[in-house]
Protein chains: 2
Amino acid sequence: MIVELISVGTEILLGNIVNTNAAYLSEQCALAGLSCYFQSVVGDNEERLSMTLKCAMERSDIVILSGGLGPTEDDLTKEVAAKVCGRKLVTNDMWMERISEFFAARNITPTENNWKQAMVPKGAIVLDNPNGTAPGLIMEEKNAKVILLPGPPNELIPMFEASVRPYLEELTPGALYSQTVKICGQGESAVETAIKDLIDAQTNPTLATYAKTGEVHIRVTASAETVKEAKKLTKPVVKELKARFGADVYTTEEEVTLEKAVEDLLLANKLTMTCAESCTGGLLSARLVNIPGASEVFKSGLVTYSNKAKRKYLGVKKGTLQKYGPVSKQIAEEMVKGAAAASKCDVAVSITGIAGPDGGTKEKPVGLVYIGCSVKGKVTVKEYHFSGSRAKVRDSAVAAALTLVRRCILEYISDLTFRKKS
Amino acid sequence: MIVELISVGTEILLGNIVNTNAAYLSEQCALAGLSCYFQSVVGDNEERLSMTLKCAMERSDIVILSGGLGPTEDDLTKEVAAKVCGRKLVTNDMWMERISEFFAARNITPTENNWKQAMVPKGAIVLDNPNGTAPGLIMEEKNAKVILLPGPPNELIPMFEASVRPYLEELTPGALYSQTVKICGQGESAVETAIKDLIDAQTNPTLATYAKTGEVHIRVTASAETVKEAKKLTKPVVKELKARFGADVYTTEEEVTLEKAVEDLLLANKLTMTCAESCTGGLLSARLVNIPGASEVFKSGLVTYSNKAKRKYLGVKKGTLQKYGPVSKQIAEEMVKGAAAASKCDVAVSITGIAGPDGGTKEKPVGLVYIGCSVKGKVTVKEYHFSGSRAKVRDSAVAAALTLVRRCILEYISDLTFRKKS
């Protein structure tokens with residue numbers, strides 16, 4: 001079944017608010033096994049709203065409108081939808097009562113226009129709204145089901161969960177299940193090329209790639225009679241992707257981020273971590289601390305932006321700074337060794353680079369970054385070239401650092417198990 | 001002139017990402033004096049995309065599409081738009097070079113599909129993309145101008161500002177000028193109450209308030225024949241706002257952020273700064289380093305997440321930790337004093353708090369944060385109570401720290417000038 005979303009509100013067209021309702025409803029509809037091909041936003045304007053609704057009812061089975069159910073003059077979603085569906089607005093006694101109760105409870109006398117909210121299209125299914133005075137509405141037309149929801153998320157979400165989701169589940173026969181394979185340290189086109197055959201052959205499940213900074217996510221989505229069956233269909237594809245990308249797959253869990261994967265790895269191996277940052281200025285530490293419970297593994301970080309700070313906190317040598325400059329393989333190495341020594345942490349990461357926009361030279365252009373990683377004394381330093389704005393270079397450096405530290409820890413573990421074996 | 005937005009991407013239809021590009025573009029178009037009546041979202045599907053584009057070109061003067069310009073199989077916005085506009089795709093030599101350089105700089109050999117991005121519709125205006133490999137494109141058709149932008153915000157926003165905004169300004173008759181008065185340390189409702197009379201009386205210029213974390217921005221927008229005249233209309237209103245909010249107005253310049261205002265203040269007074277962060281884990285340092293040239297004033301930062309690190313790097317006393325706990329006025333004070341002493345910087349800031357979701361108690365709930373500030377030895381410590389998610393609490397703490405350090409420096413300066421006078 002095909003669902004279409006129409007968000008009503010001039011404040012969205014003006015960019016005063018971000019349309020998070022659409023994101024919520026899209027995700028919920030996908031989970032309910034509905035295909036969403038179109039979403040649109042229109043202002044509180046009768047002609048344009050009715051044009052949009054008519055078009056949606058022609059091409060989709062279910063149309064969900066959100067917003068414009070308020071008591072004010074410019075709220076006209078209900079009036080327009082009723083007109084398009086050829087239904088009169090009639091007073092709903094139950095809702096009249098709800099409104100009186102709502103205001104009585106707040107010791108407010110309702111204004112004239114509040115009663116407007118008790119008017120509902122003839123024969124419409126009325127959905128309860130425990131958090132507001134606008135009822136939700138469902139009109140079952142021949143060609144499409146038209147669902148009206150209030151705009152405020154704190155009214156829309158509970159109403160969707162209590163009334164709309166069960167309604168949709170009754171309508172939809174099949175189920176949809178999707179799983180995301182998250183890859184670090186590879187570019188989107190490289191990933192695309194590596195799975196071109198799978199994409200070309202895809203039917204059910206389908207594959208889609210999403211590029212993130214320093215990461216690529218592949219979403220595998222299957223549809224079937226039940227979620228259980230859909231899940232079963234995705235399994236072999238996810239397994240194949242894991243086989244193709246090996247250790248670069250850092251998770252297949254929706255909620256696990258790259259920094260979470262690194263911290264889980266540290267925790268599982270009882271390792272602690274520190275970092276010494278120059279051009280990223282604390283971004284790596286901040287990402288690690290994003291994760292609740294980070295304190296188990298992340299102990300401290302040093303933002304050694306000036307050379308003086310590099311020397312004071314990390315014991316970087318004056319001679320090395322003079323000979324190679326602060327952005328060099330040698331300094332990244334001294335930084336990471338210094339951070340490991342000062343913090344006594346098992347794992348240390350250092351980042352030094354030229355984030356730009358200024359400060360680049362022919363030999364050392366903007367975007368040149370050196371990242372050092374030390375795991376139990378084993379030091380690795382890599383050179384990177386990132387492009388884009390100052391912010392982009394710094395974000396890329398942080399993602400690369402997380403990718404590098406993850407790889408170094410994995411190597412350390414495999415060496416360890418190897419040594420144990422032999 | 002009427003503009004219409006089309007966001008292309010299955011990930012939006014699936015609710016995997018929130019459509020922030022649409023909010024950004026809506027706001028920018030409104031500022032450029034364009035009316036936006038429709039926005040839509042379609043997936044990476046030729047038939048539906050071309051249907052949507054054709055419809056948009058009939059009812060709007062300008063159509064801005066975002067997303068689907070990537071190198072992968074399912075990116076087909078450019079191909080579909082060219083087809084709808086009846087244009088062939090031709091190789092753009094300049095962009096071929098750009099792509100080779102982009103990959104050469106990274107020592108990566110581009111894959112076959114990368115070159116797809118150098119194909120542009122015949123006769124299209126090519127917009128530079130310093131942050132990616134997809135060029136922006138403008139096709140000037142008889143009935144409408146069709147503008148194609150890449151989906152990633154870090155590519156779309158810089159491209160809009162550098163190339164699209166000037167292009168739109170040339171198209172729109174009359175002139176619009178807006179200036180933003182940025183206020184820190186006051187809540188949105190307090191600000192709105194303070195200017196209710198101005199909002200009620202507004203005609204031209206108009207006022208709009210935008211709540212940001214720890215800040216409120218008031219945008220004053222005037223329309224006139226020329227920018228010069230529009231500018232003239234905004235002046236008295238901006239002056240009035242400055243008078244009402246006094247020192248809480250940290251800038252009236254679009255590009256100046258709170259951290260930039262703080263660094264300008266430091267630079268103007270030849271002061272250096274450091275910070276010691278616990279719950280914010282480097283976010284404050286990272287925001288300060290966001291600003292190019294930060295190294296002039298920001299020297300180092302310490303992320304002392306563990307108690308051990310607080311003691312080692314900041315000389316926080318074991319007894320104080322045991323008696324008052326790491327989240328206390330006393331520790332914030334010892335942290336800031338320790339940071340100032342260790343770094344020898346003129347200004348130091350410390351942050352310690354409970355970001356949640358766990359770790360809160362009845363006495364010390366989640367959201368409790370202490371921020372310390374030391375300017376030339378004069379120490380101030382304040383207690384804050386923030387609400388929301390872990391991320392929200394941390395962002396609020398960083399904004400509050402920037403607000404506090406700004407106030408302390410301003411006090412220091414006024415004391416100084418006072419002492420000089422007397």
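1. Strands (E, at least two residues) are DSSP runs, numbered from the N terminus, and two of them pair if DSSP finds at least two bridges between them.

2. Before going on, please note that this is a predicted model, in which local features need pLDDT of at least 70 and side-chain atom pairs count only at pLDDT 80 or more, while totals for chains, interfaces and linings use all residues. Residues are numbered from 1 along each chain as its sequence is written, chains are lettered from A and ligands numbered from 1 in the order in which they are written, and side-chain values use heavy atoms, with hydrogens and water left out.

3. E9(B) also pairs with strand E11 (residues 215-224) of chain B, again antiparallel, through ten bridges.

4. Why is strand E9 (residues 175-184) of chain B largely enclosed by the rest of the structure? Eight of its ten residues are buried (under 20% relative accessible area; exposed is over 50%, partly exposed in between, with a 1.4 Å probe and protein chains only).

5. Turning to the cysteines, there are zero disulfides over all chains, a disulfide being a pair of cysteine sulfur atoms within 2.5 Å. Cys36(A) is in none, and its nearest cysteine sulfur, that of Cys29(A), is 6.5 Å away. Cys36(A) counts as buried, at 10% relative accessibility.

6. Cys345(B) is buried too, with a relative accessible area of 9%. Its closest cysteine sulfur, in Cys275(B), lies 9.3 Å from its own, too far for a bond.

Key. Helix = DSSP H or I, 4+ residues; strand = E, 2+ residues; numbered from the N terminus.
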